Amino acid sequence: MSASSNMNWDRRNVLRAAMGLAAVGGLAACGGNTGRGGGSGSGTNLTQMFHAYGEAGTEQAIKRYAKAYKDANVTTQWITSNDFESKLFSALLTKNAPDLFEFHPQIQMVKSGQVADLTDLVEPVKDDFNPADIKSHTVDGKIYGVRMIDDPQFFFYRKSMLEKAKVEVPTTLDELMEAAAKLTTGKVKGLYMGNDLHSVNDTLIWSSGAQHLDEKNEIAYHTDGVVEGLKKMRRLFTSGDLLLGAPTESWDPSSFNQGLCAIQFCGMWAMPAIQDALGDDWGVFPFPKVTDSGKPSVYNGGWSMFVNAKSKNVDAAKEYVKWLWIDQAEYQEDWATSYGFHIPPRTSIAAKADKLKSGNAAEGVKLFNEFGHFDNIGWTQAMRTAFEDVFANSVRKNMDPEKALDRCDTAVNRELKKLFG
Amino acid sequence: MSTTTKLDVPDSATAKASPAKPRRGLRGSPTLTFWLFTGPFLIGLAIFVYAPILWSLWLSFFEARFTVTPDKFVGFDNYVYMLTNEDFVGSLGTFTVFAAFIVPTTWALSLGLALLVNRLRFMRAFFRSVFFLPTAVSYVAASLIWKMSIFSGVRFGLMNTVLGWFGVENIAWLIDPNPPWYWLVIVTARLWLQSGFYMILFIAALQNIPEELYEAAAIDGAKSGWQTFWYITLPQLRATSTAVILLLLVAAYQAFDEFFNLLSKTTWGRPPLVELYYKALGESQDYGAGSAGALILTVLICAVTLLQGKIMGFGRGDESK
């Protein structure tokens with residue numbers, strides 16, 4: 001043994017060492033990849049998480065803003081997958097959770113202590129915000145998120161196609177169904193509302209004269225009007241006039257731009273892309289009323305910045321949110337109008353946004369103000385999923401809407417009980 | 001072992017040069033060797049498999065919403081919830097139908113391919129590679145190709161284009177569940193992805209069948225073709241078939257990728273893992289109920305595997321041949 005111990009580095013020993021190293025290295029790697037930068041600059045490292053916006057230049061813009069910030073190194077995680085929610089929710093449970101992230105106001109994140117109270121950031125400029133945006137982020141008097149952009153969602157239609165088919169802009173769901181039938185030709189489908197139709201879930205509730213939850217946080221969507229709406233949607237789904245199985249989802253205007261459909265449900269963000277593709281041959285209208293007692297509606301979606309309450313750098317993250325989304329008016333305007341079109345939630349910035357003051361953009365702002373409904377913070381992701389199942393069951397599959405809604409009630413009540421007791 | 005013992009006898013001069021020297025270290029402590037070779041694997045297994053299972057077990061008795069370190073004990077509530085949840089129980093049914101169909105189909109297709117390729121006189125290596133190649137494709141990539149180009153619902157999707165030549169209306173393959181065309185998409189994707197791999201297993205087994213058996217059968221008057229296949233080839237493939245069926249069942253239980261990527265926002269066509277992901281681990285973040293569901297599934301898988309082993313005799317080795 002003594003003789004050979006001098007030249008111990010034969011194949012086997014090398015292999016042994018390598019295996020040991022690999023095992024140790026593998027374990028070390030578990031805690032190693034934090035998605036953070038090398039920490040080259042001074043100060044703290046922050047990580048922010050965004051879903052992938054479809055418009056060109058958005059990722060660069062978010063990274064450009066981050067780079068301009070001097071007090072911390074801000075790294076961006078740009079999540080390109082379809083299920084941003086799942087990615088975000090599971091990331092928040094780990095040590096590598098982002099310090100700040102964009103999402104929609106949902107109360108379960110407040111109740112489970114995942115988002116930090118941002119009242120002190122927003123309070124000084126509260127009056128400059130759209131009051132509805134403040135309300136939708138407030139729980140028990142505390143404000144939990146800073147709205148970055150408001151995104152009204154409505155129908156886009158091809159003027160020339162409607163004229164050719166002698167179709168007026170629909171004002172009721174029945175008219176929309178008729179229009180879809182008349183507009184469907186060999187190569188063009190009348191209407192596109194997304195492959196799984198979930199982008200019109202909310203507007204169907206509002207246009208039926210109902211709402212998701214009432215003031216006491218009890219179920220308010222289970223009405224005769226909604227049942228009627230679901231039945232009509234089922235007729236529409238089976239009519240052959242809907243574009244189904246399109247390569248892009250409804251948030252992407254490609255199907256509309258490429259002439260696959262005459263009318264598409266989409267959002268205000270798509271306006272620049274549609275203008276580029278179709279010139280002035282398009283207009284917008286809200287989701288029409290479903291019942292006589294209903295009213296046209298627009299879903300005022302949007303994205304807000306939240307701070308992870310369990311982050312080690314809560315204060316630094318709050319500072320960054322304040323710097324970018326409260327103080328830097330120039331960046332906020334750039335973010336709202338330079339890529340896709342969004343409505344700035346700050347009145348002062350909205351007043352300066354000239355791009356939104358003419359043509360279809362101005363019409364979009366009008367629909368936002370006139371027919372818009374904002375998120376109800378009490379309506380959580382689990383409830384959202386439960387109502388998506390109603391559409392899946394009763395519109396795409398042929399389940400009785402009453403039964404589908406009953407099942408949804410069970411799921412929503414389970415959530416409500418856990419949240420509000 | 002005996003050869004290395006002999007090597008110890010020569011004098012030290014030859015021993016120095018002997019390349020067999022390091023083997024003494026290994027032979028010296030079999031226990032150490034055992035742990036050295038199995039250790040890394042066992043550590044991985046413990047950390048990534050057993051620890052999560054135990055953690056799941058613990059979680060399943062708690063109300064774990066938006067946390068994996070809960071403190072509210074709820075007893076068997078999560079189990080009751082999952083077992084009375086129509087979607088979860090329905091997904092077990094979905095899986096059963098899926099497995100009952102996909103396992104025999106894949107088995108038959110890969111055996112068929114193996115028999116065909118095995119009989120080839122030339123270009124055998126080429127065809128073997130061609131059929132095996134899809135195994136290397138990721139499920140996600142294949143799902144996207146199936147979804148976006150072959151079974152796209154629009155008029156320029158491949159299938160719709162072909163059907164269009166015969167004047168058939170466009171079909172929304174994955175969107176409209178009546179009739180359930182989505183099964184066609186899922187099953188064809190899975191067959192394409194899996195058959196090649198099992199074909200290779202069958203080819204190996206086919207080449208192991210002694211030629212003498214066929215010769216003897218021919219002398220006894222067995223007609224080549226169906227008769228030989230039924231009485232010689234198939235019984236000789238029994239061990240491989242059993243293994244293939246077990247592997248296929250496991251693969252069916254693990255079904256996730258193509259279902260997840262092909263079907264979105266549905267309440268149908270969800271195997272248990274997809275159901276668990278959506279209902280508990282994904283957006284709803286109910287880790288308690290999710291863990292309960294996962295454990296129910298684990299128990300089911302164990303039961304089915306044991307039962308199958310009992311019926312088909314997997315692992316009994318040579319006697320089953």
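## Where chain A meets chain B

**Exercise 1.** Find how many residue pairs are in polar contact between chain A and chain B.

*Solution.* Start with the polar pairs: 12 residue pairs, both at pLDDT 80 or more, are in polar contact between chain A and chain B. A polar contact here is a pair of N or O atoms within 3.5 Å; within protein, one must be able to donate a hydrogen and the other to accept it, and residues adjacent in sequence count only if both atoms are side-chain atoms. Next, see who supplies chain A's side: H18(A) gives the most, with eight residues. Helices are DSSP runs (H or I, at least four residues), numbered from the N terminus. Keep in mind that this is a predicted model, where local features need pLDDT of at least 70, side-chain atom pairs count only at pLDDT 80 or more, and totals for chains, interfaces and linings use all residues. Residues are numbered from 1 along each chain as its sequence is written, chains are lettered from A in the order in which they are written, and side-chain values use heavy atoms, leaving out hydrogens and water.

**Exercise 2.** Work out what area chain A and chain B bury between them.

*Solution.* First, the area: about 4000 Å², with 57% of it on carbon and sulfur atoms. Buried area is the accessible area (1.4 Å probe) that two parts lose on being put together, summed over both. Then the residues: 44 of chain A are in contact (heavy atoms within 4.5 Å) with 45 of chain B.

**Exercise 3.** Count the salt bridges between the chains.

*Solution.* There are five between chain A and chain B, each a side-chain nitrogen of Lys or Arg within 4 Å of a carboxyl oxygen of Asp or Glu. One of them joins Glu415(A) to Arg65(B), with the closest N and O atoms 2.2 Å apart.

Conventions: Helices (H or I, at least four residues) and strands (E, at least two) are DSSP runs, numbered from the N terminus.
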